[in-house]
Amino acid sequence: MPAVVLEDESLRDGLQFEDLVLPFSHKRRLFDMLRAAGVARIQVGSFVNPKVVPQMADTDQLVRELGGVEDVLVTGLVLHDKGLQRAVSAGLNHISLSVSVSDTHSRKNVRKSAAEALELALDLIVQARAANITVRAGAQCAFGCVYEGAVAEAAVVEALARMAQAGATELNLADTTGMANPRQIKQLVGVVAAIVPEAALSLHLHDTRGLGIANMVAGYEAGVSIFDTSVGGLGGCPFVKGAAGNVATEDAVNLFESMGVATGIDIERLCAVTTLFESLLGRRLPGRMNRVLAAHAIR
Ligand SMILES: [Zn+2]
């Protein structure tokens, strides 16, 4: 068992706002390469309206095809009832869902107030548990919002505690806007862990202001051992101006392995995935380690 688990979200958070719609065969190949590199959790897509987000239109097909995979926790993002039904019929055993604790961000993102979105999430958790699906529930904008500024810690804690009570077994603190700092990470992780000790905690960090890795270290030192990442740092968000992607998976692997913390991931095989993403997208991605390895020609 690795000491730290990285959930790669390249295929979901990474691709969802790209202009390019990757063909199914490429997605499958990227999944297989991530798996071969030792990535233990892969978020393969979201169950959203394919007319609105064509990049995610084949999530059902991908989940179906990955039904026999046992060495990777395959997960998908669910936003509403219809999405949950699709996840169930595709045979998914684990889902991710999340609500924004910022009213303004929530309205822009899902056209619902934060309170309405939370009620919907609670209902989805109950339904998923009844269908024998495990749930990770998250709070977006947990460390601040570009529209509203500071976010009340109490609102984050309340949303997460209620989702745990409804049956979520893992709680995710998402720095959607990249506004978190290491001190804040330690503070909020400590509070959530004290109030909901039964739930596993994970962090979803965007590197918008360059603090992604620092925040990851702070989270690890505060006791978090599950982190969301994306290959090459792919990703962004149209509702958050200037947003960068998640911390690059290969940079997180380098961080932890260099500190003597096992990730179970082979960085050279992982960087081959970054290279493939870069050639498919036709541009360089912001992650560092792929370039470092290439420059040193050690692979
Ligand atoms: Zn994100």
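This is a walk through a predicted model, from its barrel to the helices around it and then to a few single residues.

Eight strands form a closed barrel in the order 1-2-3-4-5-6-7-8, and their pairing is parallel. On average, neighbouring strands of this sheet are turned by 30° against each other, direction ignored.

Strand 1 pairs with strand 2 in the parallel sense, over two bridges. Here aspartate 8 stands opposite isoleucine 42 in strand 2. Strand 2 covers residues 41–47, and it also pairs with strand 3. That pairing is parallel too, and it runs over six bridges. Within it, glycine 45 faces glycine 76 of strand 3. On to the next pair: strand 3 and strand 4 run parallel and are joined by two bridges. Leucine 77 is placed opposite serine 96 in strand 4.

Now follow the chain between these strands. Strand 2, helix 3 (residues 59–65) and strand 3 make up a β-α-β unit, and the unit is right-handed. From strand 3 the chain crosses through helix 4 (residues 81–90) to strand 4. This β-α-β crossover is right-handed. Helix 4 packs on the sheet, where it touches strand 2, strand 3 and strand 4. The direction of helix 4 makes about 155° with that of strand 3.

How many of the six residues of strand 3 are buried? Five are, so strand 3 (residues 73–78) is largely enclosed by the rest of the structure.

Next, helix 2. This helix holds residues 24–37, which is 14 residues. From first C-alpha to last it reaches 20 Å, close to the 20 Å expected at 1.5 Å a residue. Its buried residues are Lys27, Leu30, Phe31, Leu34 and Ala37. They cover an arc of only 130° around the axis, which puts them on the same side of helix 2. An α-helix has 3.6 residues a turn, so residues three or four places apart point the same way. What do the buried residues of helix 2 pack against? Their partners are strand 1 (5–8), helix 1 (10–14), strand 2, helix 3 and helix 11 (267–281). Glycine 38 follows helix 2, and its phi is positive, near 105°.

Glutamate 250 is 217 residues away from methionine 33 in sequence. In space, the two are 13 Å apart, C-alpha to C-alpha.

Helix 7 can be read in the same steps. Its 14 residues, 153–166, should span 20 Å at 1.5 Å a residue. The end C-alpha atoms are 20 Å apart, which agrees. Buried in helix 7 are Val156, Val157, Ala159, Leu160, Met163 and Ala164. Why do these residues line one face of the helix? Seen down the axis of helix 7, they fall within an arc of 165°, so they line one face. They pack against strand 4 (94–100), helix 6 (114–130), strand 5 (134–140), strand 6 (170–175) and helix 8 (182–195). Just after helix 7 comes glycine 167, with a positive phi of about 130°.

Two further residues have a positive phi without being glycines. One is asparagine 132, at about 65°. Asparagine 132 sits in the loop between helix 6 and strand 5. It has 8 C-beta neighbours inside 10 Å and therefore counts as exposed. The other is cysteine 141, with a phi of about 55°. Cysteine 141 belongs to the loop between strand 5 and helix 7. Its 29 C-beta neighbours inside 10 Å make it count as buried. Asparagine 132 is thus exposed, whereas cysteine 141 is buried.

Terms used. Residues numbered from 1 in each chain as written. Predicted model: local features only at pLDDT ≥ 70, side-chain atom pairs only at ≥ 80, totals over all residues. Helix = DSSP H or I, 4+ residues; strand = E, 2+ residues; numbered from the N terminus. Expected span 1.5 Å × (residues − 1). Buried ≥ 20, exposed ≤ 12 C-beta atoms within 10 Å, placed from the backbone. Arc of directions from axis to C-beta. Contact = placed C-beta atoms within 7 Å. Pairing = 2+ DSSP bridges. Right-handed = clockwise from strand over helix to strand, strands pointing away. Axes fitted to C-alpha atoms, helices over the stretch in contact; angles between N-to-C directions.
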